[in-house]
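Let's take a friendly walk through a protein chain together. Have the structure open beside you and look for each part as it comes up.

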Amino acid sequence: MATFLYKLGRLSFRRRRYVALLWVLLLGGIGYASSAAPAPPADSFSMPGTDSQKAFDLLDERFPAASAEGATARVVIRAPEGEKITDPAAKAEVNRLVAALGKGSQVAGVADPYKANAVSKDGTTAYASVTYKVISTELTDKTHDALTDATDKTRAEGFTVETGGDAVQAEQEMGGSAELIGIAVSAVVLVITFGSLIAAGLPLLTAIIGVGIGVSGIAALGSVLNLSGTTSTLAMMIGLAVGIDYALFIVSRYRAEIAEGREPEEAAGRATGTAGSAVVFAGLTVIVALAGLSVVNIPMLTKMGLAAAATVAIAVLIALTMIPALLGFAGKRALRRKDRKNLKKSGADSKHSKDTKATKATKATKATKDNRALTKQAAAHSAKAAENTKPNLGTRWARLVLRRPVTVLLIGVLGLGAVAIPATSLELGLPDEGTSAPDTTQRKAYDLLSESFGAGFNGPLMVTVDTGGAKDAAAAAKTVGTSLAKVDGVAAVTPASVNPAGDTAIITVVPTTGPSDHKTEELVRTIRSKASGLEADTKSDVLVTGQTAMTIDFSQTLDDALLPYLGLVVGLAFLLLMLVFRSVLVPLKAALGFLLSVAAALGAVVAVFQWGWLADVVGVDQPGPIMSMMPIFMIGVVFGLAMDYEVFLVTRMREAYVHGANPAEAVVTGFKHGGRVVGAAAVIMTSVFSGFIMENDDMIKMMGFGLAIAVFFDAFVVRMAIVPAVLALLGKSAWWLPRWLDKLLPNMDVEGEKLHKTLTPPSSPAAEDEDRDNDEERRELEPVRG
């Protein structure tokens, strides 16, 4: 692979104008297609095969006028202090409000609170349910304004009026600036890392182009593949982070090759062949992790994962082709000005220029005494420079870990273990209006309903009774309702609503406890356990749905998919890492380190979003249960990203080991050349994800925090501390691979061993004579090095 990528890098360098033009045209073409494409469909949440989804599908079929999937709004009205909502004046105002709410082409209907028994027992509060013909994202501004105007008029009459439901337009505070924050921080980190505006600008430019192509492609194909607007959120988040990282590693390797005196084209080829190989396998692990979300069998997660995986694939292709092309325009200006001056002063420029043109064995016959003298002076100069050069931070840190591997290992493992403790109290659920900010109208409506009608009123259960074509649904529903009213935990059972055909009925069951209460979950399970007996008695199908039932089914679906998903993702990634490192223990260590970092990240998420620690700092308005999809989502995304740093850091160690370094020297070499770059990449990725913490959407905020803290733990604790400590303790055993397996696995040459042999010419007698002369000269220079 390294040889192929080496040739690809040189080709892209030479044909830089065509390569750059191709990517720009691709961006423009897909951008135009996305602008001309129909608007993407609205978000739709479904869980095929679950009882909740079966019930919703049934309601959509049998009650089409009810718009089972249409938006809803519950307008809660409380009478002024000392008055009753049933007083004549109050009743007249409520009737006027109901009439106003019923106007509009998108309104399916409004339930009169006096006719629907929607008045509290104390007579102070009532609510009107508004149903719409379309889903929430298809509601027009005119419809939103009509709802607001109607409630404002009643509020002006002295009534307390609050509105809940998905028809209420949520306020957006950030307006999509999260990615801009991540880019700004990334730019600062890149400038500090490279010390060159040109080198810092290349990863940013290519990442933006890659994300632009990915997101535009999602928009262009949205109506065809049923990709909603939020599908691009994860693609943008992941694509921006890995796009910068992949380009960063290739540009960094290019600068290292230039610093060794190679010509720009050769340096670009070698950088693409070595660092590019790591980019390919790192990208593959991320793609496997994201595409693996398909096994969960939740269409929304599948689409998000596949869209993000496609964006990562684009980022890999851009890093392998467009980065070498742009380096062709930058040349040696990708180096710091100081490094360019030092390179020119040392004369290494001209020396390696000759080497790249004359790597034939016959050049040894042209060696003269003057050349030997010049070589001796250059070697002495290099030895003196090396003596005066202070080891970089990565080298010093690696040596520290090698001296105290057990201590570092214990501190890292115990520290992450302590952070992971809150994860043992993890409570899963779907966000509802009870977790909204206290000052929002949705939260106020939620609290008013809880106070006046009971905690369970905000999480009613919908029970469907389907007689399979027989027109006796009313009698069957009555039997079911009478039985359910006797179940512990049921506060009320409303009379059944029967469809025009008379074969399906809906019963609303109000629990005594709130939607997120464990007792409500137990009630759902109890009703479902009784369903089989009721079905036999009434000769009908009884299904339970509603927000609480959907949460239970969603959590169960994710629980059932977790082990297969882990097996698929970890198994495929383990095989990929064995191909990369030619080792069994290194991939095993990588997987165990990932589990430790993701557990710690989940612990941090629980502490902040569920317990409320540092809630004000992060911007958590109301602590509550963690989103059900968060664990499996974090496992998928973080696994891919964690393997990125494993590949980038340990590949350089493997490269040094294959080329003759002992295990300890290989660890030091890996940190010397890769520690600073991996650290910068981790800071960039953390900053990109952290920018999304400032979004107003609770799901995006939680995703951003969880991914940011997971990357921080994995990069700086697991990969920077635990990995070198484990490798130091394992020694040569870390690179052990059974002979039969070594023969079975194809050699992908990620470390560039075959490439190194290809670029090194075969020895000739004259060359061997020169090598002996050079050995004598090096021995003469040993005192200088000492």
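## Cores, helix pairs and loops

The largest nonpolar core has 150 residues, and those with the most contacts inside it are Leu234, Ile238, Tyr246, Leu290, Phe609, Met634 and Phe689. Keep in mind as you look that this is a predicted model.

Which residues does Phe609 touch, leaving aside its neighbours within four places in sequence? Phe609 is in contact with Val618, Val620, Pro623, Gly624, Ile626, Lys701, Met702 and Phe705. A second, separate core has 23 residues, with Ile85, Val94, Val107 and Leu147 among them.

Now step back to the whole chain. It is built with 29 helices and 11 strands, and 51% of its 786 residues count as buried. If you take the contacts between residues at least 6 apart in sequence, 80% of them join residues at least 24 apart.

| Helix pair | Axis distance | Angle |
|---|---|---|
| H1 (residues 2-14) and H10 (residues 264-291) | within 7 Å | roughly 135 degrees |
| H3 (residues 51-62) and H20 (residues 547-581) | within 8 Å | roughly 135 degrees |
| H2 (residues 16-36) and H7 (residues 197-220) | 8 Å | about 30 degrees |

Let's begin with H1 and H10. With axes that cross at roughly 135 degrees, H1 and H10 are oblique to each other. The crossing of H1 past H10 is right-handed. On the H1 side, the contact is made by Ala2, Leu5, Tyr6, Gly9, Arg10, Phe13 and Arg14. The residues of H10 in this contact include Pro264, Gly269, Thr272, Gly276 and Val280. Sorted by class, the contact of H1 with H10 has seven nonpolar, six polar and five charged residues.

Next come H3 and H20, whose axes cross at roughly 135 degrees. That angle makes H3 oblique to H20. Asp51, Ser52 and Phe56 of H3 meet Ala549, Met550 and Asp553 of H20. By class, the contact of H3 with H20 has three nonpolar, one polar and two charged residues.

How do H2 and H7 lie relative to each other? Angles under 35 degrees count as roughly parallel, and H2 and H7 pack at about 30 degrees, so these two helices are roughly parallel to each other. H2 passes H7 in a left-handed crossing. From H2, the contact uses Trp23, Leu26, Leu27, Ile30, Gly31, Ala33 and Ser34. From H7, it uses Ile209, Gly212, Ile213, Ser216, Gly217, Ala219 and Ala220. The contact of H2 with H7 has nine nonpolar, five polar and no charged residues.

Finally, have a look at some loops. Pro64 sits in the loop between H3 and strand E1 (72-78). Is Pro64 buried or exposed? Its relative accessibility is 58%, so Pro64 counts as exposed. Lys133 is 69 residues away from Pro64 along the chain, and their C-alpha atoms are separated by 9.5 Å.

Most residues other than glycine have a negative phi. Arg582, however, has a positive phi, near 50 degrees. You will find Arg582 in the loop between H20 and helix H21 (585-610). With a relative accessible area of 7%, Arg582 is buried.

Leu614 also has a positive phi, near 55 degrees. It lies in the loop between H21 and helix H22 (615-618). At 59% relative accessibility, Leu614 counts as exposed.

How values were computed:
Residues are numbered from 1 along each chain as its sequence is written. This is a predicted model: local features need pLDDT of at least 70, side-chain atom pairs count only at pLDDT 80 or more; totals for chains, interfaces and linings use all residues. Side-chain values use heavy atoms; hydrogens and water are left out. Axes are lines fitted to C-alpha atoms, for helices over the stretch in contact, and angles run from 0 to 180 degrees between N-to-C directions. Helices (H or I, at least four residues) and strands (E, at least two) are DSSP runs, numbered from the N terminus. Angles under 35 degrees count as roughly parallel, over 145 as roughly antiparallel, 65 to 115 as roughly perpendicular and the rest as oblique. A crossing is left-handed if the near helix is turned anticlockwise from the far one by less than a right angle, and right-handed if clockwise. Contact means heavy atoms within 4.5 Å. Ala, Val, Leu, Ile, Met, Phe, Trp, Tyr, Cys and Pro count as nonpolar, Asp, Glu, Lys and Arg as charged, and the others, Gly among them, as polar. A nonpolar core is a set of buried Ala, Val, Leu, Ile, Met, Phe, Trp, Tyr and Cys residues joined through side-chain atoms within 4.5 Å. Buried means under 20% relative accessible area, exposed over 50%, partly exposed in between (1.4 Å probe, protein chains only).
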